[in-house]
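Trainee: I have just opened a new structure and would like to learn how to read it. Could you walk me through it?

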Amino acid sequence: MYFSKKLNKFNKIKHCFFSKNGGVSNGVFTSLNCGLGSSDVKKNILDNLSIVSKKMGIHDKNLFLMNQTHSNKVIVVGNENKKSQIINSDALITRLKNISISVLTADCVPILIYDEINQIIACIHSGWRGAVNGIIENTLNKIISMGKNNKIYVAVGPCIGVNNYEVAREFYDTFIKQDKYNKMHFSQNKEGKFSFNLRQYVNAKIKKFDIKYIENIDFDTFSQKENFFSYRRSKQMGEKDYGRCISTISLINA
């Protein structure tokens with residue numbers, strides 16, 4: 001379990017970037033696999049989600065997940081849709097108390113957000129596709145539109161590190177076509193191959209909003225096999241599937 005020091009100072013929210021440990025799953029899913037889209041035993045996944053709910057101090061039915069598709073779609077969870085525990089989006093925003101909005105990752109970036117002034121929370125699933133297509137901008141713009149005098153805190157969670165994120169030339173070209181300054185997020189080795197700094201790219205997008213309070217929980221999901229699931233590591237090892245870590249945030253009655 002990993003926490004943001006900045007978010008931890010508030011008594012009106014709870015949050016956690018969960019590791020892969022502390023659950024009941026086995027094999028490649030050992031042990032806190034929370035990915036309902038995985039081929040893990042469904043009962044184990046549900047038991048793992050129940051463990052997370054208890055840690056967050058909420059009922060199982062109040063743990064909200066996303067059906068994530070690397071889109072730029074943002075959904076506000078309110079009274080009209082709060083019965084939908086799984087929502088088709090890559091970001092969730094809410095003012096509702098005593099529910100936990102969550103993001104699942106296995107190399108992509110989980111982002112947790114708190115607007116202290118307007119009592120708004122959000123979570124973002126940001127892989128490279130979502131980031132390129134504006135999931136971060138869409139989420140922050142929506143939060144800003146929901147209140148005044150926003151005081152926003154952002155915690156950027158564990159994700160794949162630059163040393164383990166080798167990409168093809170076509171991948172590099174996609175970013176340069178969008179913005180020539182994106183080349184700062186890439187490094188090139190002697191063989192001409194590129195490495196992509198996803199964390200740096202995500203942080204650059206957040207900083208464009210002049211947000212003062214940004215914290216990085218800076219762990220590499222690929223290299224830290226004992227603590228995190230990794231899509232790229234599992235693929236490299238020839239495994240048929242992989243687990244997903246969960247990151248979650250909730251507003252509570254302080």
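Predicted model: local features only at pLDDT ≥ 70, side-chain atom pairs only at ≥ 80, totals over all residues.

Trainee: Is strand 14 buried or exposed?

Mentor: Strands (E, at least two residues) and helices (H or I, at least four) are DSSP runs, numbered from the N terminus. Buried means under 20% relative accessible area, exposed over 50%, and partly exposed in between, with a 1.4 Å probe and protein chains only. In strand 14, residues 245-251, seven of the seven residues are buried, so the strand is largely enclosed by the rest of the structure. C245, S247, I249 and L251 are buried on one side, and I246, T248 and S250 on the other.

Trainee: Which strands pair with strand 14?

Mentor: Two strands pair if DSSP finds at least two bridges between them. Strand 1 is antiparallel to strand 14, with five bridges, and H15 stands opposite I249. Strand 6 also runs antiparallel to strand 14, joined by six bridges; here S100 faces S250.

Trainee: Where is G35 found, and what does G35 touch?

Mentor: G35 sits in the loop between strand 1 (13-17) and helix 2 (42-56). Its relative accessible area is 1%, so G35 counts as buried. Contact means heavy atoms within 4.5 Å. Leaving aside residues up to four places away in sequence, G35 touches I45, L104 and R244.

Trainee: How much space lies in the largest pocket, and which residues lie nearest its centre?

Mentor: On a 1 Å grid over the protein atoms alone, a pocket is an open set of points with protein on both sides within 12 Å along at least five of seven lines, and lining residues have an atom within 4 Å of a point. A volume is the space filled by probe spheres set on the points. The largest pocket holds about 800 Å³. Its lining has 30 residues, with H70, C108, H125, Y231 and Y242 nearest the centre.

Trainee: Which element gives the largest share of the lining of the second largest pocket?

Mentor: Helix 2 does, with four residues. This pocket has about 190 Å³ of space, and its lining includes L36, L46 and D60.

Conventions: Residues numbered from 1 in each chain as written. Heavy atoms only, no water. 1 Å grid on protein atoms, 1.4 Å probe; cavity = no way out; pocket = protein on both sides within 12 Å on 5 of 7 lines; lining within 4 Å.
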